[in-house]
Amino acid sequence: MTQTPQETLANLLSEERTFPPSPEFSSSANVTETAYEEASADRLAFWDTQARRLDWTKDWDQVLDWSNPPFAKWFTGGELNVAVNCLDRHVEAGLGDRVAIHFEGEPGDSRAITYAEMLDEVKRAANALTDLGVEAGDRIVIYMPMIPEAAVAMLACARIGAPHSVVFGGFSVDALSSRIDDVGAKLIITADGGYRKGKASALKATVDEAADRCPAVEQVLVVRRTGQDIEWHERDLWWHEVVAKASNEHTARSFDAEHPLFVLYTSGTTGRPKGILHTTGGYLTQTSYTHQAVFDLKPETDVYWCTADIGWITGHSYIVYGPMANGATQVMYEGTPDTPHKGRLWELVQKYGVTILYTAPTAIRTFMKWGEDLPARYDLSSLRVLGSVGEPINPEAWMWYREHIGGDRCPVVDTWWQTETGAIMVSPLPGVTATKPGSAQRALPGITVDVVDDDAASVPNGGGGFLTIRDPWPSMLRTVWGDDERFLETYWSQYKGMYFAGDGAKRDDDGDIWLLGRVDDVMLVSGHNISTTEVESALVSHDTIAEAAVVGATDPLTGQGIVAFVILRGASESSPEHLAELRSHVAKTLGPIAKPRQVMVVSELPKTRSGKIMRRLLRDIAEDRKLGDVTTLQDSSVMVRIKEGLQSGSGD
Ligand code: WT7
């Protein structure tokens, strides 16, 4: 459980740069300033209007039932089918020939799949699942590479009302089997393998072992992607046989607005994973609305690309449900950004004429490290909006993204949200907001966030504290699967009547919101709470640093001392003088209280599979302790390499 620090966060970093949208962009933007006014005049009427973006077969009685908080019901009595909203209605509107997915496999194979083709495949898959005995309410686990069949599988589940639980294809047998067990799935959809880093990597073998451990699993449906050798069990079925045999005629029934759509497990950096439950009407309303508002999607002309994996919430909300509800054309890429070469992403932007790109700070900092000459080799002039999600984006990484990817002309939208929130909550609007590097800025229309102190009072401009959400929102989690107690305890027990997000935040002098990292990562130095994010951003603002991770290590003098791990940019080398300079650079930027006790140069940082830095493990190194649990690390040997290669400078 989170420890609430004694003092609210110090507000150290100040940022003067701001980038208003161009008049051309603003004048054709999907959403204007009036959206904020409409929503604040009548929040529920605003969401009522947004829900009409979708096709409902039965209208709702009430926009929000909040009679039993925090268990919300949105659009009560309303009925709809998610897959119909994502596919059928576009085809019926004559858009069947529009490309839904430009798929690019890592080895270079590609296919374009139209909305009509997607619909055909989803109908067959829905029939196939029904033929296999799947009924509405049954849970299905999906463990797939980034191939179009993953989206087809999710939409087929949605079509028949069988909640899916997608497990990221990089997770181990343990992680997979515990999720299968917790959600109680009888059927798993997987693939023989997928292409990653130039190789066919196996998925089916992990499913075999996990299914052996979970006696409830009766059937495993296997997509053939790589053609690699796999073991075959009695419970296994080939997707291409079962789905091809099934009829492509399928009349979808509607489901209640609160019918469960999916359960997605959040690993977090500690603790037992929680199955976050999302439902139907509110979720699709907010993902669809935010996708067109935040990215300014023009479905007729835009080519959208979100580089997330389908195994994370970003893949659910901003690859499958939001974009497809909006009839978007998008790129889906199977592999890693460095295969077969480090310019792969930019090559694909050029090839498909991508106009909207949505990626993560961890990727952007990696591209910075690789150097700006790589993107400079490609024509990126099609781009018009850039998005960021997953972690606070350091101002320098934001600037790099804007300049070297966005050619100084594209608005950058830093989008704050969580698996739990289901959709974007805090973000600039690209046609409205004058953006600031590193700030997520403002709650979207219809969303009420606050930054509060220990006593739940809003902090004034210039103050720091904890991010909370004051009013229920349509795509909010409904509970933790099978564990209402944990839902109450984790999110609703810190502050009465408010959702506790677990993130530190500050409000600048204009009232704009800056995210400061997870509350668990906040450092307490000589009685001051200092955010790891701010110290990291100060380090990254030094032109020799590509990436930094900062932790508070126990210190006899100050309570905690700041220890920084840095990755150098390009080929630059470090020296004791350089390390001393980095320490003073931080002191100059943020004030002497934030001066690191020690700076260590490393060649890589420990990250979770979704790219978040695992500061807990760095704390173990900084305090010279035995390493804690490394099972959620993307690469478990990284810690050994970090320890061996340490080069460190500390001082006064
Ligand atoms: C946590 C949620 C949201 C989809 C991907 C991550 C951090 C996310 C931002 C941002 C600062 C961010 C927060 C949040 N986070 N986006 N734009 N600025 N921090 O989903 O795995 O559920 O993680 O990611 O700490 O609480 P998730």
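Tutor: Happy to; what follows goes from the domains to their interface, and then to some charged pairs elsewhere.

Please keep in mind that this is a predicted model. The chain is divided into domain 1, residues 23-505, and domain 2, residues 526-645. Their C-alpha centres lie 31 Å apart. At the interface, 17 residues of domain 1 are in contact with 21 residues of domain 2. The area buried between the two domains is about 1700 Å², and carbon and sulfur atoms give 55% of it.

Now for the polar side of this interface. Five residue pairs are in polar contact between domain 1 and domain 2, counting pairs with both residues at pLDDT 80 or more. On the side of domain 1 that touches domain 2, α13 (361-370) and α15 (395-405) each supply at least two residues. The largest share comes from α13, with four residues. By type, the residues on that side of domain 1 divide into seven nonpolar, six polar and four charged.

The rule finds one salt bridge across the interface of domain 1 and domain 2. R365 and E547 form a salt bridge, and their closest N and O atoms are 2.9 Å apart. How buried are the two partners? E547 has a relative accessibility of 1% and counts as buried. R365 is buried too, with a relative accessible area of 4%.

The side chains of E391 and R365 make a polar contact at 3.1 Å. E391 lies in the loop between β19 (385-388) and α15. With a relative accessible area of 14%, E391 falls under the 20% cut-off and is therefore buried. Leaving aside residues up to four places away in sequence, E391 touches P361, T362 and R365, and also G611, K612, I613 and R615.

For context, let us look beyond the interface. By the same rule, the count comes to 42 salt bridges. One of the pairs is D208 with K204, whose side chains meet at 2.7 Å, N to O. D208 and K204 are four residues apart in helix α8 (residues 204-213), so about one helical turn separates them. D208 counts as buried at 7% relative accessibility, and K204 is buried with a relative accessible area of 0%.

E334 and R225 also form a salt bridge, with closest N and O atoms 2.7 Å apart. E334 lies in the loop between β17 (329-333) and α12 (344-352), and R225 in the loop between β11 (219-223) and β12 (236-238), so the pair ties together parts that are 109 residues apart in sequence. E334 is buried, with a relative accessible area of 4%, and R225 is buried at 17%. There is a network as well: salt bridges link E104, R344, E347 and K351.

The side chain of D48 makes a polar contact with the side chain of W60 at 3.0 Å. D48 is buried, with a relative accessible area of 18%. Not counting residues up to four places away in sequence, D48 touches W60, V63 and F75.

Methods. Residues are numbered from 1 along each chain as its sequence is written. This is a predicted model: local features need pLDDT of at least 70, side-chain atom pairs count only at pLDDT 80 or more; totals for chains, interfaces and linings use all residues. Side-chain values use heavy atoms; hydrogens and water are left out. Domain bounds come from an automatic or database domain assignment. Contact means heavy atoms within 4.5 Å. Buried area is the accessible area (1.4 Å probe) that two parts lose on being put together, summed over both. A salt bridge is a side-chain nitrogen of Lys or Arg within 4 Å of a carboxyl oxygen of Asp or Glu. A polar contact is a pair of N or O atoms within 3.5 Å; within protein, one must be able to donate a hydrogen and the other to accept it, and residues adjacent in sequence count only if both atoms are side-chain atoms. Ala, Val, Leu, Ile, Met, Phe, Trp, Tyr, Cys and Pro count as nonpolar, Asp, Glu, Lys and Arg as charged, and the others, Gly among them, as polar. Buried means under 20% relative accessible area, exposed over 50%, partly exposed in between (1.4 Å probe, protein chains only).
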